[in-house]
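Here is a short briefing to read alongside the model. Please have the sequence and the coordinates open as you go.

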Amino acid sequence: MDLKKMDPYPLTFTPLMKEKVWGGRRLAEVGKVLPAQGPFGESWELVDLDDDQSMVAAGPAKGIGLHELINAWGPGLMGSAGLDGGRFPLLVKYLDANETLSVQVHPDAEVARRLGGRPKSEAWYILGVEPGGVIYRGLKPGVGRDELAAALAAGEVEQLLAVEQVEPGDLVPVPPGTVHAIGAGVMLAEVQQPSDTTYRVHDWGRNGLDGVPRTLHIQQALQSIHFGVEPPPMVRSGSIPVAMFHFRLVSLDPGQVRDEAVEGPVVLVGLEGLAHIETGPYAARCGLGDVVLLPSACRPAQISASGQGARLLEVIFPRTS
């Protein structure tokens, strides 16, 4: 198969299911096929990392990895958008927090270079919240490095975290350097930089899947946290620029058709209803639980809604020149 001679087309990928000690079984509610047993917290829909690679699920390139397609199609896939450390500049996942995640932070680019990790900025779209579900995002006003370090040593960090109520439909930006945790009972779609660098500072006294307490990274976290900086407010509509990508909510009425003319690749994340993407002889569908990568060469493309309409996250990338 000569991938360089293949016409780019709308791509879907086989999900990578991630067993997590804090996970549950509700990812089945967004169409994921779960193994018979085990707590599954994440479904990675689009990823290009050394140890995790999205494989095309359908069409002429079925079974081909995302990174191989980037090398073969070049501007046909990426247009003028840049890569992130040589990788596709995005990771998309669905997440089910059956229990509260660890209190953690991700580094910015400067700290990541110094500590040897990868920077990570992320944003969440809240899909569902059980009664009492909250998120932890940032520290309470006035909390500094010494106060946090003392609280961590005493196991009393929870009282220093900023707590926020969330509802389905909330868009929540989480810049690097922000202490955060997703609370029990929250299910969301996450859009992030392609990084799995996480520095845990508190894990609620639980053991990992192997029965052993998970590793904490307090010194790395204290170097990564942006003390005195409040995270941006969450929003319920409009768009949010996040690091190397920019994403917005798109709502389509039944039968409405939208022309997609953004230069560069577009990632569509299904939230509600059902949308159809058509470009030339190719088509794809995008409903709840679906993620579609529309290569730059797929122009013109039309997105239409069927049934009761559709709601999508649309992710685009800035030009590099």
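For the charge count, Lys and Arg are taken as positive and Asp and Glu as negative, while His and the chain ends are not counted. The place of a charge is NZ of Lys, CZ of Arg, CG of Asp or CD of Glu. On that basis the protein chain carries 27 positive and 38 negative side chains, and the centres of the two sets lie 3 Å apart.

This is a predicted model, in which local features need pLDDT of at least 70 and side-chain atom pairs count only at pLDDT 80 or more, while totals for chains, interfaces and linings use all residues. Residues are numbered from 1 along each chain as its sequence is written, and side-chain values use heavy atoms, with hydrogens and water left out.

**Overall build**

- The protein chain has 5 helices and 18 strands; these are DSSP runs numbered from the N terminus, with helices being H or I of at least four residues and strands E of at least two.
- The radius of gyration of the protein chain is 20 Å, which agrees with the value near 20 Å for a compact globule of 321 residues; the radius is taken over C-alpha atoms, and the globule rule is 2.2 Å times the number of residues to the power 0.38.
- Along its principal axes, the C-alpha trace spans about 60 × 40 × 40 Å.
- Of the 321 residues, 55% count as buried (buried is under 20% relative accessible area, exposed over 50%, partly exposed in between, with a 1.4 Å probe and protein chains only).
- Among contacts (heavy atoms within 4.5 Å) between residues at least 6 apart in sequence, 77% join residues at least 24 apart.

**Helices α1 and α2**

- The buried residues of α1 are L66, L69, I70, A72 and W73, and their cover includes β2, α2 and β17 (291–294).
- Just after α1, G74 takes a positive phi of about 50 degrees.
- M78 sits in helix α2 (residues 75–78) and counts as buried because its relative accessibility is 4%.
- Not counting residues up to four places away in sequence, M78 touches I70, L83, F88, P89, G264, P265 and S296.
- M78 and S296 are 218 residues apart in sequence, yet their C-alpha atoms are 5.7 Å apart in space.

**The loop holding Q53**

- Q53 belongs to the loop between β2 (40–46) and α1 (66–73).
- The side chains of Q53 and D48 are joined by a polar contact of 3.1 Å (a pair of N or O atoms within 3.5 Å; within protein, one must be able to donate a hydrogen and the other to accept it, and residues adjacent in sequence count only if both atoms are side-chain atoms).
- A polar atom of the Q53 side chain also lies 2.5 Å from the backbone nitrogen of H67.

**Strand β13 and S251**

- S251 is in strand β13 (residues 245–252) and, at 44% relative accessibility, counts as partly exposed.
- The side chains of S251 and R311 make a polar contact of 2.7 Å.
- A310 is 59 residues from S251 in sequence and 5.9 Å away in space, C-alpha to C-alpha.

**A backbone point to check**

- Most residues other than glycine have a negative phi.
- W204 has a positive phi of about 60 degrees although it is not a glycine.
- W204 lies in the loop between β11 (199–202) and α5 (218–224), and its 27% relative accessibility makes it partly exposed.
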